[in-house]
Amino acid sequence: MKPQQTLALSPSGYASLHDARDRRMPLIAPPCGLVIFGITGDLARKKLVPALYDLANRGLLHPAFALTGFARRDWTPAQFEDFILDSIKNHARTPWDEHTWEQFRAGLRFVSGTFDDEGAFDKLAETVTELDQTRGTGGNHAFYLSIPPDSFPKVVSQLARSGLNTDQTDSFRRVIIEKPFGDNLETAQQLAGILSQVFAEKDTFRIDHYLGKETVQNILAMRFSNIMFEPLWNSNYVDHVQITMAEDIGIGTRAGYYDGIGSAKDVMQNHLLQLLALTAMEEPVTFDERDLRIEKEKVLAALRLPADLASSTAIGQYTSGWQGGEVVKGYLEEDNIPSDSRTDTFAAVKLYVDTRRWAGVPFYLRTGKRLGKRVTEIAVVFKRAAHIPFDKAATQELGNNALVFRVQPDEGITLRFGSKVPGSGMQVRDVSMDFGYGHAFTEDSPLAYERLLLDALAGNSPLFPGQKEVELSWKIMDPIFNYWAAEVSPAPYRPGTWGPETAHEMLERGGRYWRIP
């Protein structure tokens, strides 16, 4: 029997058949427009625009979709089209399709101006109205602030002044913002106050692109759809959890943003705490926005810092040295970095989740640049068996069982366990059972920004952190940041290693070791 098929409009307006069993991205955006502030930046050029084209190419954007860019460039419509075309051809992952491009191109608009220019925002309001009348966007518009956070107040106030934030009956106006959501608890609350005056919380979408990754969502699938893991997911069996986000590159051209921010504020306060919450949370009643956020908030509210931050945290700064067969600069030698900068390029912390499930189980988080390899993973490390009926020589190469979620670059899951070595003697050694998305599924996995942009346009918000999650994350991390700023200088570490000795000593005090991915 043939699979059930449904008739749908492709982005070019042609009817096409879609397999009804294809559940990879079942949402389809309604007629709407997206305005991107900061359209000329790297994020828009390399991620957002290509993701929108890929969605259109897969029939997941309505034929009426329109994209408006807002920037200081004095571009003609033809120059803006060339910019968008170049972005798509260089960074889109789906094949080029002339019909998709012509439909996509017809919805392109560009408004030139600065964030202080009231005339530019009046022109933007006229453009939005014109799209409703000629394109059929139906009053539905989202505003993506791909700009520095200190520009948010200007843009948001201009949107309110020009009436762009006001939706009509049966239509929506939404705002999408990128991290950082403030740089401490106080500024996060100030930012929320500014946004809440103009957009309702239900219309505010905070992008954490890690939550759009397949393996991150697979944490929930593995835990709650398989009976074999959940009974072991507690302090009776889990020794500790390691969450690592490592990069093998330096700061590149990001000195202006990175210095004074550092690795911990850049990714630990948001990405890694979100991964921790998904790993430690209880089963939600459903996977809708409210129920999922409730369980994540419970975990973040239950986080506890160890009493002694000196022995439970570590920061570092990479030096010059050899990596990848070449000599690389140290952080203090990078362009536009002050010679006395105390910004961390490596950070590690130990946290506890004070719930019955996780009582006494340490969660170790680490992130850094110029480390051994590029990898993001969550390793749930289990306790050793209470009794091992083999002599010590037979189990010298046997470690702790571990379940490892590989978030990037090779998405998948690895289960490490002991197995007998072939031969006449009894030798037990660690082996790994590996699942990789690329090997197990023929379906093409959507990239994070594709999924999150589609969800934002469709009003589907489970993957977006709420304001309470943001504030709880800052509450747990602010004391650490304040301690580092007042008491600690980053320890040096060589490129290609796994951070400073202080980070290794942090685990060794408890008889544990960092995983080498």
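Biologist: How do α1 and α13 stand to each other?
Modeller: In this predicted model, where local features need pLDDT of at least 70, side-chain atom pairs count only at pLDDT 80 or more, and totals for chains, interfaces and linings use all residues, α1 and α13 are roughly perpendicular to each other (65 to 115 degrees; under 35 is roughly parallel, over 145 roughly antiparallel, the rest oblique). Residues are numbered from 1 along each chain as its sequence is written, and side-chain values use heavy atoms, leaving out hydrogens and water.

Biologist: What are the angle and the distance between their axes?
Modeller: Helix α1 and helix α13 (residues 448-458) pack at an angle of about 70 degrees, and their axes lie 9 Å apart. Axes are fitted to C-alpha atoms, for helices over the stretch in contact, with angles from 0 to 180 degrees between N-to-C directions.

Biologist: And which residues meet there?
Modeller: From α1, Leu43, Lys47, Leu48, Ala51, Leu52, Asp54 and Leu55 take part. They meet Tyr449, Glu450, Leu453 and Leu454 of α13, contact being heavy atoms within 4.5 Å.

Biologist: What is the strand order of the sheet?
Modeller: The open sheet has six strands in the order β5-β4-β3-β6-β7-β8, with parallel pairing (at least two DSSP bridges between two strands). Helices (H or I, at least four residues) and strands (E, at least two) are DSSP runs, numbered from the N terminus.

Biologist: Which strands stand at the edges?
Modeller: The edges are β5 (108-112) and β8 (204-207); each has a single partner strand, so one side of each has no neighbour in the sheet. Elsewhere in the sheet, β3 (residues 33-37) and β4 (residues 66-71) pair over five bridges, and Val35 has Thr68 in β4 as its bridge partner.

Biologist: Which strands does α1 touch?
Modeller: Helix α1 (residues 42-57) packs on the sheet and touches β3, β4, β6 (141-145) and β7 (173-178). Its direction makes about 175 degrees with that of β3.

Biologist: New topic: how many aromatic pairs are there?
Modeller: The whole structure has 24 (ring centres of Phe, Tyr or Trp, its six-membered ring, within 6.5 Å; planes under 30 degrees apart are stacked, over 60 edge-to-face, the rest tilted). The centres of Phe346 and Tyr493 are 5.9 Å apart and their planes are at 65 degrees, so this pair is edge-to-face. Phe346 lies in β14 (residues 346-353) and Tyr493 in β20 (residues 491-493), so the pair ties together parts 147 residues apart in sequence.

Biologist: Where is the cis peptide bond?
Modeller: The bond from Gln408 to Pro409 is cis, with omega near 0 degrees. Pro409 lies in the loop between β17 (402-408) and β18 (412-420).
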